[in-house]
Amino acid sequence: MIKLDTSFSLGSIIESNFLGISNDAEPDNVIVTLSKNMVTCFHMPSQNQVHCWSSSDKLSSGVIFDSLTNCYYGVFNYTRIGKWSQTSSMMKDMKKFNFTSKIIKLLTRLDYKGTVAVFENGHCECLKEAIGNRKKTRDAVINDGETIELAKLCIFRTKAICIIVSVDNKNIKTLRSVPLEDTFLPINLQISFKNKTDKLLGYCIRENSNSLNIVTFWSNGYLYSNELYTESNSNDFPGKQLTEITLVNLKKQVTLIQLSSDCIGLYGAEPKGDGAALVVYNFHYNMVVAVQHFRIYTNPPNLWCFGNHLLLVTGQNLAVIPFTCERNNLSLLMDNNLIKINDKYEEIEWDSYAKQQCVDTISASALSQSKLNEMIITDHIKNNKDKSLIRLLMENNDISDTSLVEILSYCSLNTSKHSNLLSKLFAYPPLNKPSCLRRQLPFENMLIILNTLYSLMKEKLIEEKLVDWMTLLIDCSYQQLLLSNDPNVLELIIKIQKDINSKCDYLDSVNNINYTMRVIKSKNVNSKNRDGPVNNLYKIEKINLY
């Protein structure tokens with residue numbers, strides 16, 4: 001099961017010059033080839049730039065990192081490969097290898113040691129071997145007049161295999177497998193629908209430990225899956241019909257990509273308007289499990305997946321969407337937006353037996369866990385059951401933002417009385433949608449909670465979640481704080497600022513001391529052989545110039 005988080009921008013790009021994205025040495029880093037002359041490496045969670053290189057030579061494909069040699073490689077003008085180390089600050093110092101055959105791109109992945117070079121004629125070869133045989137003539141895999149549209153390095157039954165998709169002058173696409181070892185026979189499969197009126201909108205290769213499938217999406221709105229290496233002879237392309245997807249425009253191109261063993265992502269235009277939609281489909285339940293919308297659709301709709309991060313182009317921005325892989329759970333599929341709220345209700349009195357019967361009925365229904373928690377929390381608050389609320393917060397991690405704000409509002413009425421409940425609440429991750437905090441919690445109550453947070457922070461050296469909650473409260477009431485003329489409010493904000501600055505200074509001092517201690521410990525100097533005092537932080541050497 002995939003759960004999408006809030007997206008953020010990694011930077012601006014110019015689509016016409018953009019060459020692609022690839023894995024870096026660290027799992028959370030990506031290499032972004034912004035143009036033919038500019039390469040940047042980003043750390044996605046922090047949005048910080050780690051490396052940046054520029055070159056007078058023109059790149060013809062995206063730069064990659066090779067884990068076998070711990071070096072970066074780029075293809076220049078299709079016939080030259082450049083190699084430079086992680087410590088190089090400029091690309092002009094790179095080592096160059098000239099080829100007689102054109103190279104389309106270099107392929108790599110985190111779980112494969114090495115890099116694969118894909119040549120213009122479809123030949124695929126390990127980079128180390130390709131550099132050693134640069135002058136060799138390579139046999140063509142695709143036909144004359146065809147160009148490579150997709151090249152992907154897959155791991156199938158622990159063996160590396162390249163999947164390439166080529167397109168000819170008549171726009172007919174052909175999938176071919178190029179085994180890097182003599183383990184599997186090559187595949188030659190034409191991607192066409194038996195009904196010629198249906199148009200191919202997008203496709204992707206779905207790989208599992210023991211299966212390799214091509215998933216296709218057509219203008220009739222249906223997804224299909226076809227297994228490539230199967231023991232049965234029935235190979236009726238496009239294969240098994242999965243489900244109908246109605247959340248994207250069926251007249252525009254759609255990009256498909258594998259997110260996990262059970263899920264793929266579809267990125268395309270919205271059915272109406274100029275926006276875009278990211279749809280997550282789950283094979284296990286054969287249904288859509290998540291949707292996220294964007295204001296601008298960019299053609300082609302580029303989409304990449306690296307670790308637990310999705311990257312896509314929207315307008316002239318490169319957006320990052322973190323996601324989490326959770327176990328398949330039916331209750332998580334019951335989206336709150338799909339539940340119709342009945343505003344017409346009647347309050348009744350019932351005895352304890354009838355109430356227990358109702359709770360049992362609700363638990364056996366198809367409501368999601370978060371919706372059940374909302375009903376239980378509301379009931380506990382009405383009956384002032386702090387201990388029950390604390391137990392619920394400790395034992396359950398599927399509590400909606402609405403319920404968290406409801407508990408906050410309840411505690412703000414008497415913070416000293418509900419101090420234990422507040423402590424457990426602040427140990428919970430902050431809200432995903434801050435809008436409900438602005439809507440449900442009055443400014444006066446927010447100030448009370450902010451004051452309580454400040455008191456808790458003074459008692460502890462540093463607590464990340466307390467800082468997160470405080471940041472959330474200040475962000476949600478930022479405009480009201482600016483317009484407030486109350487001197488008590490200003491005094492509180494100044495006290496919070498001084499306390500956080502003091503803690504930051506303390507942490508900086510501790511880090512400096514730790515660094516000094518590591519330097520001292522790393523020097524293994526035998527002081528017994530020296531007459532004078534020893535300083536391990538520097539060394540004096542005599543150099544004979546003549």
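This is a predicted model: local features need pLDDT of at least 70, side-chain atom pairs count only at pLDDT 80 or more; totals for chains, interfaces and linings use all residues.
**Ground rules.** I kept in mind that local features need pLDDT of at least 70 and side-chain atom pairs pLDDT 80 or more, while totals for chains, interfaces and linings use all residues. I numbered residues from 1 along each chain as its sequence is written, and side-chain values use heavy atoms, with hydrogens and water left out.

Entry 1: I took helices (H or I, at least four residues) and strands (E, at least two) as DSSP runs numbered from the N terminus; two strands pair if DSSP finds at least two bridges between them. Strand 4 (residues 29–33) pairs with strand 5 (residues 38–43) in the antiparallel sense over five bridges, and a hairpin of four residues joins them. I then followed strand 5 to strand 6 (residues 48–54), where six bridges link the antiparallel strands.

Entry 2: Next I found an open antiparallel sheet in the order 11-12-13. Strand 11 (103–107) and strand 13 (124–126) are at the edges with a single partner strand each, so one side of each has no neighbour in the sheet. The twist averages 25° from one strand to the next. Strand 11 meets strand 12 (residues 116–119) over four bridges, with I103 opposite F119.

**Entry 3: helices 4 and 5.** I looked at helix 4 (residues 386–395) and helix 5 (residues 401–412), whose axes come within 13 Å and cross at roughly 145°. Axes here are lines fitted to C-alpha atoms, for helices over the stretch in contact, with angles from 0 to 180 degrees between N-to-C directions. D386, L389 and L393 of helix 4 touch L404, I407 and Y410 of helix 5, contact meaning heavy atoms within 4.5 Å.

**Entry 4: nonpolar cores.** A nonpolar core is a set of buried Ala, Val, Leu, Ile, Met, Phe, Trp, Tyr and Cys residues joined through side-chain atoms within 4.5 Å; buried is under 20% relative accessible area with a 1.4 Å probe, protein chains only. The largest has 37 residues, and L393, I407 and L408 are among those touching the most other members. Helix 8 (443–459) gives the most, with seven residues. Not counting residues up to four places away in sequence, L408 touches several residues, including F426, I449 and W469. Another core, of 21 residues, lies apart and includes C154 and V165.

Key
Buried means under 20% relative accessible area, exposed over 50%, partly exposed in between (1.4 Å probe, protein chains only).
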